[in-house]
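Hi,

Here is the structure I promised to pass on. Please have a look at it first, then read my notes below.

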Amino acid sequence: MIKLFKEKMGLFGAHNITFVFCICIAFVAISGYAHAEKEIPATKFGQNVGGPTMTFFYCYSCGYRKAFEDYVNILAEKYPQITVTGGNYDPPGMNMYFSKLIFAVKILLIVVIVSSFDIFGSFGQPIPSWWRHLLENKLYACMMIFFVGNMLEGQLVSSGAFEISLNDVPVWSKLQTGRIPAPQELFQIIDNQLQFGDKIQENPDFVK
């Protein structure tokens, strides 16, 4: 039955079926990557929807999520009426698209190497020695492609951002200042911004 199926496939053949299968796996991996990206932004804390809102956009790949979570806890203690939201700061220009392209190429190369698909033979070309070496050392080749790909992706999406807005008004930018604000600096900014606007009460039990 399998032999008859292969004969009916005509031009596709066994190798081309494997190649199509590799592309399908790569597409599924890319879709999962895009879906995971969408889950990073839009983290919301606080219950007072109609009150003041503070928004953090930070570089997720730089490890700033921990700093964001620390600020969420501090602000929840000192200003329980402020709603805090946070999300990933998208890198400028085409960097995000290039990082997705590198991810797709990385997954596709790994799947092709693992499946031993003769990509050069399908085009009627002799197999280069370097590609033969990769096929003979699959574990090394896959690890090298994985780590190099991750490094390139990280370089492209690392914006170094930690941007803060209060009621949609920018109040701090790490891209401009080069650093993350100290808690007391942020408290002073909040007090200055809201003294003529929304009236909020500090938590009397907050320990500075």
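Let's start in helix α3, where K66 and D70 sit four residues apart and so are separated by about one helical turn. Helices here are DSSP runs of H or I with at least four residues, strands are E runs of at least two, and both are numbered from the N terminus. The K66 and D70 side chains meet in a salt bridge, with 3.0 Å from N to O. By salt bridge I mean a Lys or Arg side-chain nitrogen within 4 Å of an Asp or Glu carboxyl oxygen. K66 is exposed at 51% relative accessible area, while D70 is partly exposed at 33%. (Buried is under 20% relative accessible area, exposed is over 50%, and partly exposed is in between, with a 1.4 Å probe and protein chains only.)

Some housekeeping. This is a predicted model: local features need pLDDT of at least 70, side-chain atom pairs count only at pLDDT 80 or more, and totals for chains, interfaces and linings use all residues. Residues are numbered from 1 along each chain as its sequence is written, and side-chain values use heavy atoms, leaving out hydrogens and water.

Now the overall layout. The chain has eight helices and five strands, and reading along the sequence gives the pattern α-α-β-β-α-β-α-α-α-β-β-α-α. Of its 208 residues, 33% count as buried.

Back to the charged pairs. How many salt bridges does a search of the whole structure find? There are four, and the K66 and D70 pair is one of the salt bridges. Another joins K106 to E153, with the closest N and O atoms 2.9 Å apart. This pair links distant parts of the chain: K106 is in helix α4 (residues 95–115) and E153 is in helix α6 (residues 138–157), 47 residues apart. Both K106 and E153 are buried, and for E153 the relative accessible area is 8%. Then there is R179 with E185, whose side chains meet in a salt bridge at 2.7 Å, N to O. R179 counts as partly exposed because its relative accessibility is 38%, and E185 is also partly exposed, at 28%.

In the model, residues 101–123 are 65% helix and 0% strand, and the end C-alpha atoms lie 23 Å apart.

On to the nonpolar cores, meaning sets of buried Ala, Val, Leu, Ile, Met, Phe, Trp, Tyr and Cys residues joined through side-chain atoms within 4.5 Å. Which residues touch the most other members of the largest nonpolar core? Of its 22 residues, they are M54, F56, L75, F162, I164, L186 and I190. The elements that give two or more residues to this core are β2 (53–58), α3 (65–78), β4 (162–166), β5 (169–173) and α8 (183–194). The largest share, five residues, comes from α8. A second, separate core holds 10 residues, including V112, F117, L135 and I145.

Leaving aside neighbours within four places in sequence, L75 is in contact (heavy atoms within 4.5 Å) with M54, F56, P80, V84, L186, F187 and I190.

Last, the rings. A search of the whole structure finds 11 aromatic pairs. The Y64 and F162 rings have their centres 6.1 Å apart and their planes at 90°, so this pair is edge-to-face. Y64 is in the loop between β2 and α3 and F162 is in strand β4, so the pair links distant parts of the chain, 98 residues apart. Both Y64 and F162 are buried. W130 and W131 also form an edge-to-face pair, at 5.8 Å centre to centre and 80° between the planes. (Rings of Phe, Tyr and Trp, the last by its six-membered ring, pair if their centres lie within 6.5 Å; planes under 30 degrees apart are stacked, over 60 edge-to-face, the rest tilted.) Is W130 buried or exposed? W130 is exposed, at 52% relative accessible area, whereas W131 counts as buried at 5%. Ring pairs also link F56, Y58, Y64, F68, Y71 and F162 into a cluster.

Cheers
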